[in-house]
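Look over the sequence and the model before reading on.

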Amino acid sequence: ADPSATGAERAAGCRAALPDPAAKAAAWEIVVRNTELSNRLVEAAAQGFWQPEQVELTGPYVERYFADMPAAARRRTPWVADQVAADAYPRYAVAQPTRELAAALLARDDVAPGLRRVVTDADDDLRRALVARTAVAAAAA
């Protein structure tokens with residue numbers, strides 16, 4: 001109901017966060033293909049998309065991130081592309097297959113430098129999370 005720009009941004013983030021397949025599909029289209037909405041609305045959709053309690057719902061989008069983001073990055077200015085790529089990174093998919101998808105993307109020679117940096121940094125965060133989980137599991141055993 002808030003007609004301000006901030007209200008629109010928050011609403012976009014909330015819609016993207018909904019635990020609904022149709023809402024996720026709509027948000028993903030905004031993140032990777034929409035070039036008509038404002039940059040802030042696209043960023044808000046990317047920020048709201050991944051929710052830690054929605055791993056099963058968002059699971060199919062992990063692979064799609066790595067498949068779709070190079071083309072999505074070419075649709076935007078470098079700064080916005082980097083922001084969206086960072087916001088849309090599947091940060092809750094803490095698993096070795098996510099790291100393998102990141103490695104495959106980084107092995108490509110057609111990845112924009114900003115996207116390469118975002119994925120490199122995010123993959124390092126995932127590596128650290130996996131190490132921490134392994135240490136916790138070993139300590140609990």
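**Helix packing**

The buried residues of H3 pack against helix H1 (5-17), helix H2 (21-32), H4 and helix H5 (78-88). Helices are DSSP runs (H or I, at least four residues) and strands are E runs of at least two, numbered from the N terminus. This is a predicted model: local features need pLDDT of at least 70, side-chain atom pairs count only at pLDDT 80 or more, and totals for chains, interfaces and linings use all residues. Residues are numbered from 1 along each chain as its sequence is written, and side-chain values use heavy atoms, without hydrogens and water.

- Val42, Glu43, Ala44, Ala45, Ala46, Gly48 and Phe49 are buried in H3. Buried means under 20% relative accessible area, exposed over 50%, partly exposed in between (1.4 Å probe, protein chains only).
- Gln54 sits in the loop between helix H3 (39-49) and helix H4 (55-74).
- Gln54 has a relative accessible area of 5%, so Gln54 is buried.
- Beyond its neighbours within four places in sequence, Gln54 is in contact with Ala17, Leu18, Pro19, Lys24 and Phe49. Contact means heavy atoms within 4.5 Å.

**Helix H7**

- Thr120 belongs to helix H7 (residues 113-140).
- Thr120 counts as partly exposed because its relative accessibility is 36%.
- Thr120 and Leu106 are 14 residues apart along the chain, and their C-alpha atoms are separated by 7.6 Å.

**Whole chain**

- The chain has 7 helices and 0 strands.
- Of its 141 residues, 38% count as buried.
- The C-alpha atoms fill a box of roughly 55 × 35 × 20 Å along the principal axes.
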